[in-house]
Amino acid sequence: MLARKMILGTAAAAALVAAYAVIPRHADLRAFDPAEMARLETAMWRDYYDKRYGALFYHLYESTRTQFGFSPLQSLHVAFSAAEAARTFQPTRSRREADAALPALVAYFRNFGPAAPVAFDVEEAARLELDWWQARREAVAPRDYGLTIARVAALTYGRAADDPGIRRFGIARAEAMAFRDARGEAITDADWTRIENQLGEAYRTLKASSGR
């Protein structure tokens, strides 16, 4: 009898955990906290450059779960596709090779599409995302590929591509990336703090422009 009760209790607990993981949430891309997004994105950049893909996956999951409000299961899907896109892109050396990351990016945008304020073209968003990833490697000025970042944000947040706040967000984020690229292997913890501050300003601008 005791063993049966333990089995039933374990099964009930497992069912509750499963239900918690899969019950849909009202996810919203506009619900993020700018300072926390900046902290998490800085952590993700460090993970990426150090090739710590496990940590990158964790921080992607954390940002999706805590900042956008996806369920645990949905967050796993979003984080996996994003981490897979980054891992696939990192060793490539040309735009042709970089296209290998496109399917994972399409999956990524499709996975978080339900949290967007309006429906958007996930394939166009994925192509634009990959375009600025590659542009950074081709010595394109940050103000130029920053406009591509802004186009991705405009799509996913349902804003006009020429919205001043969206454009400022894209350029500010690109400038933070350019600073990191310029520091290279000489980057310090103080530099990463500066990057986090730059990203905080960028995300505050996006928050103000996203309509929430």
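Predicted model: local features only at pLDDT ≥ 70, side-chain atom pairs only at ≥ 80, totals over all residues.
Student: What makes up the secondary structure of the chain?
Tutor: There are 10 helices and zero strands. Read along the sequence, the pattern is α-α-α-α-α-α-α-α-α-α.

Student: How much of the chain counts as buried?
Tutor: Of its 212 residues, 46% do. The cut-off for that label is under 20% relative accessible area.

Student: Why is T156 called buried?
Tutor: T156 has a relative accessible area of 4%. Buried means under 20%. T156 is therefore buried.

Student: Where does T156 lie, and which residues does T156 touch?
Tutor: T156 lies in helix α8. Leaving out residues up to four places away in sequence, T156 touches L29, F109, F112, A116, P117 and F120.

Student: What makes the pair of A153 and T156 a polar contact?
Tutor: The distance is one part of it. The backbone oxygen of A153 lies 3.3 Å from a polar atom of the T156 side chain. The limit is 3.5 Å between N or O atoms. The pair therefore falls within the limit.

Student: Which residues have the most contacts inside the largest nonpolar core?
Tutor: They are F109, F112, F120 and I195. That core has 60 residues. The elements giving two or more residues to this core are α2 (34–49), α3 (53–67), α4 (72–89), α6 (102–112), α7 (122–137), α8 (142–157), α9 (164–183) and α10 (189–209).

Student: What does I195 touch?
Tutor: I195 touches T42, W45, A176, F179, R180 and I187, not counting residues up to four places away in sequence.

Student: Which residues of α6 are buried, and what covers them?
Tutor: In α6, the buried residues are A104, L105, V106, Y108, F109 and F112. Their cover includes α4, α7 and α8.

Student: Why is V140 called partly exposed?
Tutor: V140 has 29% relative accessibility. Buried means under 20% and exposed means over 50%. V140 falls in between, so the label is partly exposed.

Student: Where is V140, and what is V140 in contact with?
Tutor: V140 is found in the loop between α7 and α8. Leaving aside neighbours within four places in sequence, V140 is in contact with A135 and Y145. The C-alpha atoms of V140 and A178 are separated by 10.0 Å, and these residues are 38 apart along the chain.

Student: Why does A139 count as exposed?
Tutor: A139 has 72% relative accessibility. Exposed means over 50%. A139 is therefore exposed. The place of A139 is in the loop between α7 and α8.

Student: How is empty space found?
Tutor: Rolling a probe the size of a water molecule over the atoms shows where empty space is left.

Student: What volume does the largest pocket have, and which residues lie nearest its centre?
Tutor: The volume is about 1100 Å³. The lining has 42 residues, of which W45, E129, W132, W133 and R173 lie nearest the centre. α2 gives the most to this lining, with six residues.

Student: How do the residues lining the largest pocket divide?
Tutor: There are 30 nonpolar, four polar and eight charged residues in that lining.

Student: What about the second largest pocket?
Tutor: Its volume is about 180 Å³. Its lining divides into three nonpolar, three polar and six charged residues. Among the lining residues are R46, K51, R180, E185, D189 and W192. α2 and α10 each supply at least two residues of that lining.

Key
Residues numbered from 1 in each chain as written. Heavy atoms only, no water. Core = buried A, V, L, I, M, F, W, Y, C linked by side-chain atoms within 4.5 Å. Buried < 20%, exposed > 50% of the residue type's maximum accessible area, 1.4 Å probe, protein only. Helix = DSSP H or I, 4+ residues; strand = E, 2+ residues; numbered from the N terminus. Contact = heavy atoms within 4.5 Å. 1 Å grid on protein atoms, 1.4 Å probe; cavity = no way out; pocket = protein on both sides within 12 Å on 5 of 7 lines; lining within 4 Å. Points joined across faces, edges and corners; volume = space filled by probe spheres on them. Nonpolar A, V, L, I, M, F, W, Y, C, P; charged D, E, K, R; others polar. Polar contact = N/O pair within 3.5 Å; in protein donor to acceptor, adjacent residues only side chain to side chain.
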